[in-house]
Amino acid sequence: MNSQSVNQESVLGIDRLSGVRIVKVNIHILEAALSRRFGWSLGWTGTRSATVVEVITDEGVTGWGDGNWGGSRLLENPELVIGRSPFEVEAIFDDLRPPAGHQTRVGEPSAGGLDVALWDLCGKLLGRPVCDLLGRRHRSRIEPYLTALYRLDWPDLEEGLVEEALGWKNQGWRSMKMKIGYGPDTDVRAVRAVRRAIGDSVGLGVDSNCAYDAGTALSLGRRLEEFNPFWWEEPLLATDLPGYKRLAESLRIPIASGETLSTDRLILDFIQPRLVDIIQPDLDTVGLTGGRRLSYLCWLNHLRLVPHNWGTAIRTAATLHWMAATPPQTEGLHAPPVTFEFDQTESPFRDAVIRERIAPDPSDGMIAVPCGPGLGVEVLPEALKQYRKSLIQVG
């Protein structure tokens, strides 16, 4: 085959891909009961829920995401997605932004799951992993940290947390995060008990889910410093910007926040002023389009990016691709690891919705980035049907 025929085939391939159009979006709302309820500073739950977004093209290729899907904005304006090319992924992300109003700029995009599904589609159509489309692939294996240690209905909170923490340590976990926010004295007793049980060689983070005001948090933070947490997540409401500034300037514990915020709000309120030490966006809200923007801006502003991750293994796969393409914060030999949240609390459907098993390698605790086209995982429709509470269809 001569070079002219190869070029002609390449052009024909590009023409074919450029003609691909989105014809339908399915939103699968999942819910399942837990065998035992768990709690945190804001309340208790006996169920798990998630939203899986399915985007279908006229070529029969389907993309999958997990998280927000545009809601009323998409329902009222389906032409923002239906009939468009999936390669318009970044334009669609911005077009789904609600109008910001007169003489303002920032709206609140809420279509992270849809955005991930479009990136998955692009990767499948091009035959490339999503991490390669996001930019340079910096790594192929990612270090997770364990999220567990919620509050169960134990007779004794400290004894229950210690038993669970030791169980995770014995499974090989060397970095874990526990919930606090139950009142300063209770928090100190719980963190002290877990730290003594697991020892100083295991990393321990704390998350209070916005439980405190700045004054109470400052007093509590000084008491927690002796236990050397790797960070304190959401000590305050995300809107208490002066409070976060006060904590970050006063405590030796790194301060982390941002899981509920949009890309724009994270950039304006947290990254540009370098308000906290660690930014924790979730693909549920920011999508891979917003995530790529945040990765560069965190690198430029010398802030760590450690994604929040909840929902299904589809979101975990997408987060792995995101972290694979995130630049290292420094070039130091002992730079902080590029890491992300790996939820291991009970969820009947989290791992069931994909065929592959995403888990740490027992030899070193690292998780391999799925290497197939798109997100590199196969979603199982029968599992979605089993746990589906409702289905919304657009197009």
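1. His-302 counts as exposed because its relative accessibility is 55%, where exposed means over 50% relative accessible area, buried under 20%, and partly exposed in between (1.4 Å probe, protein chains only). His-302 is placed in the loop between H11 and strand E10 (304–305); here helices (H or I, at least four residues) and strands (E, at least two) are DSSP runs, numbered from the N terminus. The backbone of His-302 has a positive phi of about 60°, although the residue is not a glycine.

2. The model is predicted, so that local features need pLDDT of at least 70 and side-chain atom pairs count only at pLDDT 80 or more, while totals for chains, interfaces and linings use all residues. Residues are numbered from 1 along each chain as its sequence is written, and side-chain values use heavy atoms, with hydrogens and water left out.

3. The chain has a mean pLDDT of 94, with 96% of its residues at 70 or more, pLDDT being the predictor's confidence in each residue, from 0 to 100. Over residues 1–12, however, the pLDDT is below 50, and this stretch has 2 contacts in the model beyond near neighbours in sequence, a contact being heavy atoms within 4.5 Å. Where pLDDT is low, the predicted coordinates should not be read in detail.

4. Most residues other than glycine have a negative phi. Arg-274 sits in the loop between helix H10 (263–271) and strand E9 (278–279), and it counts as partly exposed because its relative accessibility is 46%.

5. On the surface, Tyr-296, Trp-299 and Leu-300 form a nonpolar patch with about 310 Å² of accessible area together. Patches are made of residues with over 30% relative accessible area and no salt bridge, like charges being joined within 9 Å and nonpolar side chains (Val, Leu, Ile, Met, Phe, Trp, Tyr) within 5 Å; accessible areas come from the Shrake-Rupley method with a 1.4 Å probe, and for residues only the protein chains shown count as cover. Trp-299 belongs to helix H11 (residues 283–300) and, at 35% relative accessibility, counts as partly exposed.

6. What do the side chains of Glu-90 and Arg-292 form where they meet? They form a salt bridge (2.1 Å, N to O), a term that requires a side-chain nitrogen of Lys or Arg within 4 Å of a carboxyl oxygen of Asp or Glu. This pair links distant parts of the chain, with Glu-90 in helix H3 (residues 89–95) and Arg-292 in helix H11, 202 residues apart. Glu-90 is partly exposed at a relative accessible area of 28%, and Arg-292 is partly exposed at 29%.

7. Asp-94 and Arg-293 likewise meet through their side chains in a salt bridge (3.0 Å, N to O), and here too distant parts of the chain are linked, Asp-94 lying in helix H3 and Arg-293 in helix H11, 199 residues apart. Asp-94 is partly exposed, with a relative accessible area of 28%, and Arg-293 counts as partly exposed at 28% relative accessibility.

8. Lys-177 is in strand E5 (residues 175–179) and Glu-233 in strand E7 (residues 232–233), so that the pair, 56 residues apart, links distant parts of the chain. Lys-177 is buried because its relative accessible area is 2%, and Glu-233 is buried because its value is 0%. Elsewhere, salt bridges that share partners join Glu-90, Asp-94, Arg-97, Asp-264, Arg-292 and Arg-293 into one network; the structure holds 29 salt bridges.

9. The largest nonpolar core has 108 residues, and Val-25, Met-178 and Trp-232 have the most contacts inside it; such a core is a set of buried Ala, Val, Leu, Ile, Met, Phe, Trp, Tyr and Cys residues joined through side-chain atoms within 4.5 Å. Helix H12 (residues 313–324) supplies the largest share of this core, 8 residues. A second, separate core of 5 residues includes Tyr-145, Trp-231, Ala-256 and Val-306.

10. Thr-345 lies in the loop between strand E11 (339–343) and strand E12 (367–368) and counts as buried because its relative accessibility is 8%. Not counting residues up to four places away in sequence, its contacts include Arg-48, Tyr-150 and Trp-310.
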